[in-house]
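The entries follow in the order I worked.

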Amino acid sequence: VALSACNVKVKVEGEEKIPEGRFVLIQNHKAMFDPIVTLAYLWKHEIGFITKPENLNLPVINKFMHRICCIPIDRENPRNAVKSINAAAENVKNNVCSMAIYPEGTRARDGVMLPLHGGSFKIATKSGAPLVITTVTNTNKVHKNAPFKRTNVRLHVCEVISAEEVSASSTAELSERTLKIMQDSLKTEK
């Protein structure tokens with residue numbers, strides 16, 4: 001409903017790469033519409049999100065966020081952040097839902113990707129799940145264009161790193177590989 005009301009048209013590429021079963025979804029973060037696009041177009045994969053605590057206090061959508069197993073992460077308190085990462089890994093491992101995280105940690109407002117936080121990849125290493133690497137483009141234009149001008153958004157499933165490869169890699173290696181995959185995907189959009 002939100003995407004339709006805001007005149008957003010989404011093109012999804014590579015969804016066939018997503019494996020059966022649970023996974024950890026990694027995505028760049030440009031705007032508040034990123035998770036809306038992901039949920040709307042990948043809904044059948046039952047994805048919860050790691051999110052900042054304030055998002056779970058938003059009226060109306062907070063109940064929905066709890067229902068889809070969103071987990072708040074306290075970026076200021078490393079001990080609490082580890083608890084959130086462990087809870088997300090348990091959701092994946094126990095087949096509750098797949099989990100999505102924005103490893104940049106916040107929105108990249110100028111369009112240039114921020115460094116990826118290696119701890120984000122702990123969800124995959126602890127759950128023994130594959131990593132689904134995605135990029136989203138143009139979501140940062142929705143608020144300027146809506147509702148009168150259409151915004152064309154691309155959701156690209158770039159690559160899947162198998163559970164075996166995840167287990168054999170360090171979080172630093174996963175972070176470096178993921179950043180390159182995402183940057184390559186975003187270059188093709190320009």
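Which residues does Ile-50 touch, not counting residues up to four places away in sequence? I note before answering that this is a predicted model. I find Ile-71, Ile-73, Ser-84, Ala-88, Met-99, Ala-100, Ile-101 and Ile-123.

Entry: the cores. I looked up the largest nonpolar core next, and it has 28 residues. Ile-50 is among the members that touch the most other members, together with Val-24, Ile-26, Met-99, Ile-123 and Leu-131. I then asked which elements supply this core. Strands E2 (24–27), E5 (98–101), E6 and E7 each give at least two residues, and so do helices H4, H5 (122–127) and H8 (171–189). H4 provides the largest share, five residues. I also found a second, separate core of 24 residues. Leu-3, Val-8, Val-37 and Val-157 are included in that second core. For background, I noted that nonpolar side chains tend to be buried together in soluble globular proteins.

Entry: strand E7. Strand E6 (residues 131–137) runs antiparallel to E7, and seven bridges join the two. Here I noted Thr-137, with Arg-154 as its bridge partner in E7.

Entry: the end of H4. I went back to H4, which spans residues 78–93 and contains Lys-93. Is Lys-93 buried, partly exposed or exposed? Its relative accessibility is 46%, so I logged Lys-93 as partly exposed. Leaving aside neighbours within four places in sequence, I found Lys-93 in contact with Lys-126 and Ser-127. Ser-127 is 34 residues from Lys-93 in sequence, yet their C-alpha atoms are 4.9 Å apart.

Entry: a surface patch. Which residues form a nonpolar patch on the surface with about 280 Å² of accessible area together? I found Leu-58, Val-60 and Ile-61. I placed Leu-58 in the loop between strand E3 (47–51) and helix H3 (61–67). Leu-58 has 35% relative accessibility, so I logged this residue as partly exposed.

Technical notes. Residues are numbered from 1 along each chain as its sequence is written. This is a predicted model: local features need pLDDT of at least 70, side-chain atom pairs count only at pLDDT 80 or more; totals for chains, interfaces and linings use all residues. Side-chain values use heavy atoms; hydrogens and water are left out. Helices (H or I, at least four residues) and strands (E, at least two) are DSSP runs, numbered from the N terminus. Buried means under 20% relative accessible area, exposed over 50%, partly exposed in between (1.4 Å probe, protein chains only). Contact means heavy atoms within 4.5 Å. Patches are made of residues with over 30% relative accessible area and no salt bridge: like charges are joined within 9 Å, nonpolar side chains (Val, Leu, Ile, Met, Phe, Trp, Tyr) within 5 Å. Accessible areas come from the Shrake-Rupley method with a 1.4 Å probe; for residues, only the protein chains shown count as cover. A salt bridge is a side-chain nitrogen of Lys or Arg within 4 Å of a carboxyl oxygen of Asp or Glu. Two strands pair if DSSP finds at least two bridges between them. A nonpolar core is a set of buried Ala, Val, Leu, Ile, Met, Phe, Trp, Tyr and Cys residues joined through side-chain atoms within 4.5 Å.
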